[in-house]
Amino acid sequence: MMAGMTVIVRTISRLLFPFLFLFGVYIVVHGHLTPGGGFQGGVALAAAVLMLLLAYGMEGAQAKVNALQAELAESLGGLILVWMGLMGIIVGLAFFKNVLPFGSLGQVLSAGSLPVFNFGVGIKVATGLLTIFYAMLRIGGGEE
Amino acid sequence: MSLNYIIAMMLFTLGIYCLLFKRNLMKMVIGLQVMTNGLHLFLISLGYREGGIAPILAGEMLERGAAAELAAAAVDPVPQALVLTSIVINVCTMALALSLAVYTYRHYGTLNPFRIRRLKG
Amino acid sequence: MIPHAPILTIVLPIFAAFLTPVVGIVAKRFGVERARDWFVVGVAILMFIIVASMVPAVWGGEVLVYKLGGWSPPWGIVLAVDGLNLLVALIIAGVVSLVAIYSVVYMERDSGLEKYYTLLMLVTAGSMGVTLTGDIFNLYVFFEIMSISSYALVAFRRNWDSVEAGVKYLVIGSLGTSLLLLSIVFLYGLIGSLNIADLAWKLGEIKATQSLPMIVPLMLALLVTGFGIKIAMVPLHAWLPDAYQAAPSAVSALLSGATTTVGIYAMLRVSYLLFGALAIGMMFIVLGLITMVAGGLMALVQRDLKRLLAYSCISQMGYILLGVGFGSSASGSAQVMGIQGGLFHLLNNAIYKVLLFMCAGAIVYRVGTSNLDELGGLGKNMPITATLFVVGALAISGIPPLNGFASKWTIYVAGMEAGQPICTAIAVVMSALTLAYFLKAINLMFLGQRPEHLREVKEAPPLMLFPMLMLAAFCVVFGILPGLGIDLVRPAQSAVMNQLGYIGSVMGAG
Amino acid sequence: MNRIVALGMVLIVGALLVFTVNEYLLPFGTFPERRIGSFENESIGQRILRDAPETTGSANVVTSIVWDYRGYDTLGEATILFTAVCGVAMLFRVTRRRS
């Protein structure tokens with residue numbers, strides 16, 4: 001249904017895609033050190049794929065992440081969150097307790113469970129937004 | 001005079017007006033966005049401290065381990081966390097509203113949800 | 001008590017919602033699609049068991065405080081369970097279990113069932129979260145979960161009526177939740193805290209030292225408007241009849257039984273704890289009267305069964321507000337009676353309203369319409385459904401041996417003792433009016449001439465009749481033994497009246 | 001006519017809100033002295049700002065609130081995202097008409 005755009009847009013978006021993607025990953029991974037975090041990074045990741053969707057049409061985006069993968073990854077992100085929350089109960093404290101070792105302040109591997117949460121929610125937001133867009137753009141919808 | 005608060009509240013009222021008086025679904029969604037964004041602006045302004053810095057321990061402050069210094073200089077972090085939650089909630093409401101709009105337009109060819117009026121009792 | 005019971009009550013439906021699609025895929029692969037439906041039923045019943053496990057401790061007078069992440073009350077989020085919470089949680093868990101059983105058959109003809117069950121679990125999670133939390137921003141977040149999933153559920157059938165109703169509900173509902181958030185932001189700006197008990201404590205300190213600033217009544221007005229939209233208080237009720245008519249009957253039953261109950265609960269909790277100093281009793285009486293009268297009068301002229309039930313639902317909300325208002329505007333025994341009556345009516349309303357919507361669903365399932373003009377003489381075809389509907393209708397009208405009478409009588413007595421004879425008289429008249437429109441509905445549906453095309457209509461399937469029978473049994477039991485119902489409500493009533501105990505327990509947990 | 005009355009009501013609400021925020025909240029940029037404060041006369045923002053780097057090990061205080069102090073809210077938020085995805089997928093589901 002979406003045909004995509006001209007060669008200029010396609011080329012530029014193909015060149016930009018890795019950088020945007022990397023930027024999203026950076027925001028997610030450094031969530032506990034710099035401004036940003038799982039949600040913001042996840043939105044940046046989704047935006048990178050959506051740029052491909054605009055430039056190349058539905059097929060171009062689906063080649064990177066298809067709808068089923070997006071849905072599965074979203075469940076995975078949600079399960080990471082719930083699992084990390086339940087870790088607190090499993091070690092015998094409270095739900096959502098920060099259980100992993102803190103490490104040293106200011107390093108990438110620090111702040112206990114927080115980077116894991118950021119990672120989980122990053123996956124979840126990126127794929128969740130993609131799923132919403134895919135669902136809205138799907139040709140069918142309704143009775144056939 | 002707290003100009004930030006006043007502008008935010010004006011945006012909020014503008015959003016309510018748009019939400020209640022427009023009969024086009026897209027305009028209603030826009031009104032909803034204006035309203036909630038006014039609210040977010042208000043919430044985020046509430047935590048501001050004159051000349052405050054971001055509530056992040058970074059740079060030479062981190063090297064000195066000066067957490068107390070941060071506490072004296074930084075803006076209130078709680079509204080920032082709340083606004084983050086609220087923005088995501090808002091995005092989700094908008095996604096559902098826009099989907100309803102797309103669905104209505106595709107299947108019934110109208111963006112006015114009140115086009116067919118039943119006999120209201 | 002099951003360890004970590006308060007949080008498990010909320011996380012279980014969230015987890016189940018994440019898992020339902022997976023269970024659906026696996027079940028389809030093994031050729032047992034019903035497995036997914038029974039998974040949801042099992043989760044709902046398990047949730048009921050977990051909630052019930054908290055009963056002994058809470059009825060013993062304890063306030064269960066669960067510190068999430070181990071943070072002490074003002075700094076982190078806490079769940080606080082007292083008698084009032086627990087009553088509402090029991091109602092929600094019970095209603096959801098019965099609705100899930102009912103849905104197994106009722107929804108079988110629809111497509112997209114994995115989404116239906118996921119959204120059902122999400123409504124449950126949202127309602128439970130609102131009910132058990134002790135933090136006002138967290139209350140807002142879970143209120144949104146509940147609202148967004150109910151918008152989606154109302155639009156589930158995707159015909160014009162349901163999409164229109166969904167849009168309407170979404171627009172009005174988002175306005176309500178925004179007002180709610182605005183009030184919470186004001187509270188944070190004024191006081192600098194988000195824990196409900198802490199806020200109540202601080203507002204009490206302000207009141208002790210100075211007169212309350214005008215922003216406090218404004219916050220109360222915003223909160224009441226926000227929650228009032230969810231319970232369809234009368235100037236804000238426009239979405240409810242459309243939504244209940246267009247949604248599948250199982251969803252209407254769920255919304256009328258669970259989410260409105262949650263709305264009333266949140267309104268009570270917040271206005272009692274935070275704004276107890278203002279004249280909230282008078283406010284509840286006025287709002288209750290308007291809601292009751294307008295809802296009842298509108299119900300009188302409806303020609304559609306589900307729309308009629310929707311308006312009577314609005315009217316019953318008015319009774320609950322009225323009872324609580326009588327209680328909070330008075331003192332002594334009238335206070336006890338009023339609050340008990342209001343909360344007992346909350347319980348009873350959840351029981352017979354769900355029963356009536358399920359009966360309406362049974363008729364829609366067998367006949368395909370809920371338009372009263374096209375029905376008639378179904379008493380011969382569906383004797384059990386007809387009997388159950390009559391039980392529910394008599395209960396809602398307050399006819400003696402049934403539960404509606406017990407709670408309404410308590411409210412009337414409280415009203416007389418509180419010195420409000422006019423309001424009480426209006427309530428009695430509205431009760432008669434309720435009987436009138438339900439008799440009209442019974443007459444049109446089950447008696448009279450049976451149209452030719454309805455000859456082959458059969459009785460509803462047993463799996464749908466089972467939850468209805470259970471609810472009708474509750475109607476009769478609480479009617480014959482009103483003391484039992486009052487006993488069930490008494491811990492909630494003492495929790496409403498013992499606000500300082502709640503504040504002390506939550507803050508003392510730090 | 002109806003419309004003008006409703007418009008007037010919206011304007012009154014707006015004026016009330018503007019007046020209230022201007023009058024009853026302390027002016028923009030004054031944190032945290034204005035808050036009535038929590039138990040030890042310290043607003044939760046101030047207390048968290050002081051403790052967070054130590055008690056959660058995160059240099060970004062906002063992240064430590066989002067995922068630790070109020071992590072449960074954020075779980076709710078992720079659930080809302082899931083709800084929205086579910087709702088949209090429900091609305092655009094593909095059905096085959098029964099034969």
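Helix axes are lines fitted to C-alpha atoms over the stretch in contact, and the angles between them run from 0 to 180 degrees between N-to-C directions. In this predicted model, the axes of helix 9 (residues 215-231) and helix 11 (residues 249-275) of chain C come within 8 Å and cross at roughly 170 degrees. Angles over 145 degrees count as roughly antiparallel, and helix 9 and helix 11 of chain C are therefore roughly antiparallel to each other.

The contact between these two helices involves C:Val216, C:Leu220, C:Leu223, C:Val224, C:Phe227, C:Lys230 and C:Ile231 from helix 9 of chain C. On helix 11 of chain C, the residues met are C:Thr259, C:Thr260, C:Gly263, C:Ile264, C:Ala266, C:Met267, C:Val270, C:Ser271 and C:Phe275. By class, 11 residues of this contact are nonpolar, four are polar and one is charged.

For chain D, 41 residues are in contact with 43 residues of chain B. At least two residues of the side of chain D that touches chain B are supplied by each of helix 1 (2-24), helix 2 (44-56), helix 3 (61-69) and helix 4 (71-91) of chain D. Helix 4 of chain D provides the largest share of that side, 10 residues. The side of chain D that touches chain B consists of 26 nonpolar, 10 polar and five charged residues.

Between chain A and chain B, nine residues of chain A are in contact with 11 residues of chain B. On the side of chain A that touches chain B, five residues are nonpolar, four are polar and none is charged.

Conventions: Residues numbered from 1 in each chain as written. Chains lettered and ligands numbered in written order. Predicted model: local features only at pLDDT ≥ 70, side-chain atom pairs only at ≥ 80, totals over all residues. Contact = placed C-beta atoms within 7 Å. Helix = DSSP H or I, 4+ residues; strand = E, 2+ residues; numbered from the N terminus. Nonpolar A, V, L, I, M, F, W, Y, C, P; charged D, E, K, R; others polar. Parallel < 35°, antiparallel > 145°, perpendicular 65-115°, else oblique.
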